[in-house]
Amino acid sequence: MSGDVHLSGPFRPTLDEIDQPATVISGALPPELDGEYLRNGPNPRFTPVGSYLYPLEGDGMVHAVTLRDGTAHYRNRFVRTPMVQLEEQAGHVLWPGLMSGRTPTADEVGPELAGSFREMPDINIVRHSGRLMAMAEGTPPFCLGPDLATVKRETFDGALPVGMTAHPKIDPVTGEMVVFCYMLEAPFLTWSVIDRDGRVTRSDTPVPGVLRPVMIHDMALTEHSVVLVLSPLFFDVMAAMRGGSLLSWEPDEGTRVASVPRDGGAVKWAHGDTFWTWHMANAFHRTGPGGAPGTADSPIVVDMVQHNNPGMGLRSGPHTSAFVRTTIDPVAGSIEHEEIEAGRLEFPRIDDRLLGSAHRQVAMGHRTAAAPPVPGAFDAVRVFDTATGRASMWTAEDGLVGEPSFAPRPGASAPDDGWWLTIVADPAGVAHSRLVVLDAADIAAGPVATVQLPARVPLGLHGNWLPTQE
Ligand SMILES: [Fe+2]
């Protein structure tokens, strides 16, 4: 699999684990930026065999850039799951790729892990209730220590044994972390709530009306509702056992959206034409007449990047994508779309202090015509002002950018007052990477600071700015 486009060039995995100062090479780091920018991404410890399904497969590697008093420090570590540890002992890969239709035997990995799928906490890195967690897609996260060493598989004292999405949503008002989990067997889809202290206050509550195993990557959260988009990407275990594809894209089925009241009320469904989404920027309820606060039954506005198919070799025809404002009416059951901009866009993010309520800026990666036409490769950060309809952009002329993460200006409460951070990678996958700090008020002006990292950071997936906690 070493020739796979997502294992070479800017995606080429790194085996180095280092802990070294980084150098500001242009501009100046805002002295009030005090915290860590962390980013996770697929980085196979050993060359995969059988298959390599980007963006899901791979071992996790977490990169951390600590910013303090205008200086920077970089370190990175593998997420060492039991699978990675066993493979390191063996000196080669033991788990074949997800789409290979094979799992390792007891002779290869021992009786306890025989027949298991690789755990892949390689998608996101999230801090909640004192836990720093490398997040996987539908299996439990792994807790990391402050030095990024892997501590344990996190099941919240056994309350969430099956796992959860890699895209939990943390309510900035209540501090709750809301998650969903899809699974191959009934009930196929559940949701759970973990309070700000890390106690599970709702565990694995089924979403009724889901009759087949379906893949869902992201979720949205409003003040009143969990929003789950069910596009027709189904798991087909029988086909996989016959040597076919584990995933089945069935565009004739349409896309459904579940509005799940956070108070445990009845789930409401909306139906519409087929679309696929990997990532949602945010969702909020529309206010009523006279600005009356929205309720669980109010229309839900969701800003997201939509695709006509999920890729991953499942496409049937040309691929299109766009940044779209979708309005879901939970009562009428309708879904309406307003295209904001078509283009190669992904990884939409907001100032997370606004999560669940109306936002203004949405930043994301954008692929211009100058960048290689590879899924997951973007050469620009594009910021949409949803109030004015205007977009601004910064292009990394000699590099490829990752997902932008927002760092609020300490002490400032105004929305979008702060910086967008992202790591810029060498398209050839040779030179060391850079962290760029873009002023959210004017990203087109270019970075206010560029930090040369002492390592090559492959293009990856999701990150977050974690301010230093008092
Ligand atoms: Fe994701």
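A: The term is "buried": a residue counts as buried if its relative accessible area is under 20%. Please note also that this is a predicted model.

Q: Then is Tyr182 buried or exposed?
A: Tyr182 is buried, because its relative accessibility is 12%.

Q: Which aromatic pair is Tyr182 part of?
A: Tyr182 pairs with Phe235 in a tilted arrangement, with 5.4 Å from centre to centre and 35° between the planes. Tyr182 belongs to strand S10 and Phe235 to strand S15, 53 residues apart. Phe235 also counts as buried, at 13% relative accessibility.

Q: What about Phe323 and Phe384?
A: They form a tilted aromatic pair as well, at 4.9 Å between centres and 40° between planes. Phe323 is in strand S21 and Phe384 in strand S25, so this pair ties together parts 61 residues apart in sequence. Phe323 is buried, with a relative accessible area of 0%, and Phe384 is buried at 3%.

Q: How many aromatic pairs are there?
A: The count comes to 7.

Q: Changing topic, how many cavities of 30 Å³ or more does the structure hold?
A: The structure holds 7 of them. The largest cavity contains about 90 Å³ of space. Its lining has 15 residues, and the closest to its centre are Pro48, Glu57, Val93, Trp95 and Arg118.

Q: What classes of residue make up that lining?
A: The lining of the largest cavity has 8 nonpolar, 2 polar and 5 charged residues.

Key: Residues numbered from 1 in each chain as written. Predicted model: local features only at pLDDT ≥ 70, side-chain atom pairs only at ≥ 80, totals over all residues. Heavy atoms only, no water. 1 Å grid on protein atoms, 1.4 Å probe; cavity = no way out; pocket = protein on both sides within 12 Å on 5 of 7 lines; lining within 4 Å. Points joined across faces, edges and corners; volume = space filled by probe spheres on them. Nonpolar A, V, L, I, M, F, W, Y, C, P; charged D, E, K, R; others polar. Phe/Tyr/Trp six-rings, centres within 6.5 Å; stacked < 30°, edge-to-face > 60°. Helix = DSSP H or I, 4+ residues; strand = E, 2+ residues; numbered from the N terminus. Buried < 20%, exposed > 50% of the residue type's maximum accessible area, 1.4 Å probe, protein only.
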